[in-house]
Amino acid sequence: MKRKTLKAVLTATTLTATASWADDVTLTIESWRNDDLTLWQDKIIPAFEAKHPGIRVKFTPSAPPEYNAVLNSKLDAGSAGDLITCRPFDASLALFQAGHLADLGDLDAMSNFSDVAKSAWQTDDGSSSFCVPMASVIHGFIYNADAFAELGIEVPKTEADFFAALEKISEDGSYIPMAMGTNDQWEAATMGYNNIGPNYWKGENGRRALIAGEQKLTDEAWTAPYATLAKWSPYLGDGYEAQTYPDSQNLFTLGRAAIYPAGSWEISGFNTLADFKMGAFKPPVQNAGDTCYISDHTDIGIGMNASTDNPEAAKAFLTWVASPEFAAIFGNALPGFFPLSKEPVELEDPLAKEFVSWRGECESTIRSTYQILSRGTPNLENETWGASVAAIKGTASPEELGTKLQDGLASWYAPQQN
Amino acid sequence: MSRPLQTGKAIHANDVSAFAQDINEASRLETGKSVQKHASRRRPRLHIAVFLAPAVLIYTAVMIFPLANTLRLALYSRIDQERVFTGLANFQTLFFDPIWSEQFWNALGNNFWFFLVHMLVQNPIGIALAAILSHPRLRFAALYRSAIFIPTILSFVIVGFAWKLILSPIWGIAPSMLDAVGLKSLFAPWLGKEEYALTTLALISVWQFIGIPMMLIYAALLSIPEEILEAGEVDGITGMGAFWKIKLPLILPSIGIISILTFVGNFNAFDLIYASQGALAGPDFSTDILGTFMYRTFFGFQLQLGDPHMGSAIAGAMFAIILLGVCIYLFGVQTRMRRYQL
């Protein structure tokens, strides 16, 4: 009897609840950022719902390694959410080509973004865009400011300064000059090659020329970064060959290393772990006064499920994501993930501010291997990992590495075949 | 038990049909086995199918079907979003395209080295440990047995992680322990050097799995009757001689089984390498074995999208290699092995 009453009460409440929201549209967001769940629930969604009565938003993330697979099966089964968080480049392009992501060409708010920002979610010819850029990560070097002050080192601007600083730290001996290992391989490519490289291949110019087949990986601009990486090895500390990514993070945040080749995503983690003052400097240029280039890598976007039942509400949300209001909330809640809109956002975190200030001084580009060039076998990105490690260890010369990568790329990429 | 006596009587009576009937009756009462035989003349033996069905169905669903389907998948390719039958083209790419074949032979070579280290280190030490453990006067045998066996039940992830920490040049205890005995110069970041990484991982795997051959041989040694050893003693074979001349020949079949288990296990290996070195099996693919190569190809990695068809071709090649190895063992070795009735 009691149970029946309970059931009746429950049914009644459900019915009234449904009735009261009957006019509301509920949007569901698919994402891999389960780390950001509270941020979405406490800050982003309430801010949006306050502005748009009648639209309710649900953030339903899945685990990052499973995201692509989960999303694909949901899309195929027709049960995916209305809004889809987009991985950069080919993973999302494949979704667009399969008709799962809607073309956002008619979304006015897309004009808030630069071409570089949009490049991660466009067809190869740039004619259609399918995701609103949300955030990017910037590469550079984070340094232990206390250590620099103690040793009397100026923040390096040119490559000569940089190696002089490393030499000085090394001579002093109380710090490991630079915390990076080659065990996990990707750091060498991402925080090494693609961090310092844009200064050599002149950012977007070089990257686009490579895609167009006008430059080759055997060119000086593409092999010189390997020669520079080779000079890093004496400063990386004992046994860097077996040093993993978490090892490097710990070495730096424990104050045992002076410089950390970084991506801006480290900022929030380092802020909580390090008890010394930190600063950041951009990849050093060859000669003082050279134009500087930074890797401002597009990382997260958000698009619309082509088969959503609420296209208008979804577009309202995307327009809001493209607005400065969203950018301010997102950029400040996740220091190190920088909003991509053209309008500058006022950030509070000093380290994040330092990183984002480079956008004003330097030309932005994205990682050289991410767009188009990693579609075939051998995969240029994965090959670059190996090549960067080999360069640091000195097991191959920069020219050999360039030849190997070029041969691999030319084996499947038509524009590089002549 | 009274029935056989009666049948004896029946023979005595020289009545063949009565004898047959009697036999039937006897076995029906005693074992119940020929009841089925008897009944089969009248109705189909449905129950056999019924009793076999669960095992056959489950085995088919989880083993035979996926295996056959994987082999089938290897014969297709995805061309412009369409799955197209391409025959043996994937295998041709795998064996003859320089980009693929270089990786394949590298992985296969590494696999053989991995197996060789296990055969040369794990199994002899396992046998030696079992021989020592089975010594009747060894104290705390149960303690040693458990201690040596425990790593076997640990997860690969834990083993990989723990050893990575032990061998870490930054936090590890290996460098400081070597330093304590003045051998610091011998330390190298083993897992990060192309020339040592695979051997180091093989030895970690040996450390983990040494309990398996030890236990199997230990069981085999315990099953050797005391009388044989005592008889040998009477003939003057004692100590090491007893091991080499009596025990070893008797446990040879167990060693054969261990070898084949090691072979299959090693050629299917994946977990330890993946857990400690990642899917790229660094440094510079020096620890890449068929399992990691297959995983990387099938599921994709980082920006490399997965290719289920090439992945299946690699899985097919692995299957063929293991099948070949097992066949060589079954027909070439096991049939010639001399067995002793104990």
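## Between the two domains of chain A

Buried area is the accessible area, taken with a 1.4 Å probe, that two parts lose on being put together, summed over both. In this predicted model, domain 1 and domain 2 of chain A bury about 1,300 Å² between them, with 52% of it on carbon and sulfur atoms. The assignment places 25–137 + 298–350 in domain 1 and 138–296 + 367–416 in domain 2. Taken over C-alpha atoms, the centres of these two domains of chain A are 29 Å apart.

Let's look at who touches whom. In chain A, 14 residues of domain 1 are in contact with 16 residues of domain 2. Two salt bridges are counted between these domains, and seven residue pairs are in polar contact across their interface, both residues at pLDDT 80 or more. On the domain 1 side, helix H4 (90–97) and strand S4 (131–144) of chain A each give two or more residues. That side has seven nonpolar, four polar and three charged residues.

## Between chain A and chain B

Now for the chain interface. Chain A and chain B bury about 2,100 Å² between them, 60% of it on carbon and sulfur atoms. Here 26 residues of chain A are in contact with 22 residues of chain B.

Two salt bridges cross this interface, and four residue pairs are in polar contact, both residues at pLDDT 80 or more. On the side of chain A that touches chain B, helix H12 (245–253) and helix H17 (380–393) each supply at least two residues. H17(A) gives the most, with four residues. By class, this side of chain A has six nonpolar, 13 polar and seven charged residues.

Conventions:
Residues are numbered from 1 along each chain as its sequence is written. Chains are lettered from A and ligands numbered from 1 in the order in which they are written. This is a predicted model: local features need pLDDT of at least 70, side-chain atom pairs count only at pLDDT 80 or more; totals for chains, interfaces and linings use all residues. Side-chain values use heavy atoms; hydrogens and water are left out. Domain bounds come from an automatic or database domain assignment. Contact means heavy atoms within 4.5 Å. A salt bridge is a side-chain nitrogen of Lys or Arg within 4 Å of a carboxyl oxygen of Asp or Glu. A polar contact is a pair of N or O atoms within 3.5 Å; within protein, one must be able to donate a hydrogen and the other to accept it, and residues adjacent in sequence count only if both atoms are side-chain atoms. Ala, Val, Leu, Ile, Met, Phe, Trp, Tyr, Cys and Pro count as nonpolar, Asp, Glu, Lys and Arg as charged, and the others, Gly among them, as polar.
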